[in-house]
Amino acid sequence: MTERLRLKKNADRRLKAGHLWLYSNEIDTDATPLKGFEPGGQAVIEAANGKPMGVAYVNPHSLICARIVSRDVDVRLDRSLLVHRFNQALSLRARLFAKPFYRLVHGEGDLLPGLIIDRFDDVLVVQLNTVGMDRLRDEIVAALEKVLAPRAIVFKNDSSGRRQEQLGEEVEVAYGELPDQVLLEENGVRFVAPVLDGQKTGWFFDHRPNRAWLNGLVAGKRVLDVFSYVGSWGIQAAAHGASDVLCVDSSAQALEHVAENAALNGLAEQVAIGEGDAFEALAALKAEGEQFDVIVLDPPAFIKRRKDIPNGERAYSRLNREAIRLLGRDGLLLSASCSMHLAPDRLMECVRGAVRHQDRHGQVIYQGSQGPDHPVHPAIPETAYLKALGVRVFRN
């Protein structure tokens, strides 16, 4: 590999600490002009003194202009390295899970920046979120064939990250034949995952441990699951003894999957659905005099960029306030956020303010994060994004 990308003086500190990203303002563009690189091409990264530091793929049009794929400058990201990384990732999941339903590759957390792969037994759903990974689609398919011999591989390339990388959106079966239903099991409950037309890869494995915690506290309780999507929280609650569950979502298509998944587990009688905007639905339930013992708030990211933080925090605060109005005298709130830009202490503050706004007391009895199949890279805070608070809310 002859391509070189040289850093400015002292711009190598994050890389030495383990980080995998390089920003365009850290590049010595006099020595190595970024405009000379083809998007997705690979290069050896050099410190200002010329010392090689690793191999990265490059996108000259992105703020994150390079992402490290190996510290060995004699290696390049190809089918051979992908097979090695996939085997590393698989060995971790095999230790963690008895059944083959999990996130197999979690981007930077598995040293494969820009690549997400979720496993539904013999069906793999892949997201190529950067131009560097998009260029390797054939090698990725070949490596997955070698490591797992799947029945089908789906490319679910419709993420916002692709737009930032100036890539088009596409959803396609890239390999094999997709079964009529893609099934998964989580915490002993079965689901159908809408891998082609659902959100992200069709399922959110990241909340698995948080759902497992809540499942132990719902027997005989009335549960409200807001932003239910396909019913991951609510249907698990019903399966673990909740007396009745209401799943609320704005998507009629998602709610069809809730009904399908409830029936799949013989829980159609316990699980009801309500279509509508979350805030409007909470207000309507209050007006109808409804009360719940347990409420789950698992919204989409209200804060997608740093500039959205003030408005996003107000939205989280309002959501928690409206939900707490529907809790009985001694209720349980599960409040979650997948916004990377919302710090854990800020979610705590949103919940604290909401509890006091309703003149109640709160006890935080659980603090959760993403499951271990979403490993956090210790040098990249952005890989730790998920927060979940279990809060007992009670009157004086």
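Let me start with a question: in β9, which residue is the bridge partner of Leu124? It is Ile153.

Some ground rules. This is a predicted model, where local features need pLDDT of at least 70, side-chain atom pairs count only at pLDDT 80 or more, and totals for chains, interfaces and linings use all residues. Residues are numbered from 1 along each chain as its sequence is written, and side-chain values use heavy atoms, with hydrogens and water left out.

Now the terms. Strands are DSSP runs of E, at least two residues, numbered from the N terminus. Two strands pair if DSSP finds at least two bridges between them. Buried means under 20% relative accessible area, with a 1.4 Å probe and protein chains only.

Back to β8, residues 123-128. Its pairing with strand β9, residues 152-157, is parallel, over 4 bridges. Strand β7, residues 115-120, also pairs with β8, in the antiparallel sense and over 6 bridges. Look at Leu115: opposite it, in β8, stands Leu128. β7 and β8 make a hairpin, with 2 residues between them. In that turn, Asp121 has a positive phi of about 60 degrees.

How covered is β8? 6 of its 6 residues are buried, so β8 is largely enclosed by the rest of the structure. In a regular strand, side chains alternate between the two faces of the sheet. On one side of β8 we find Val123, Val125 and Gln127, all buried. On the other, Leu124, Val126 and Leu128 are buried too.

Next, an open sheet. It has 5 strands, in the order β1-β3-β4-β5-β2, with mixed pairing. Which strands sit at the edges? They are β1 (4-6) and β2 (21-23), and each pairs on one side only. Neighbouring strands in this sheet are turned by 40 degrees against each other on average, direction ignored. That angle is taken between axes, which are lines fitted to C-alpha atoms; angles run from 0 to 180 degrees between N-to-C directions. Zoom in on β2: 3 bridges join it to β5, residues 64-70, and the two run antiparallel. Tyr23 has Ile64 in β5 as its bridge partner.

Last stop, strand β19, residues 387-394. It is mostly covered, with 7 of its 8 residues buried. Strand β17, residues 327-337, joins β19 through 8 bridges, antiparallel. There, Ala336 is bridged to Ala388. Strand β18, residues 361-368, joins β19 through 7 bridges, also antiparallel. His361 stands opposite Phe394 of β19.

That's the tour. Thank you.

Technical notes:
Buried < 20%, exposed > 50% of the residue type's maximum accessible area, 1.4 Å probe, protein only.
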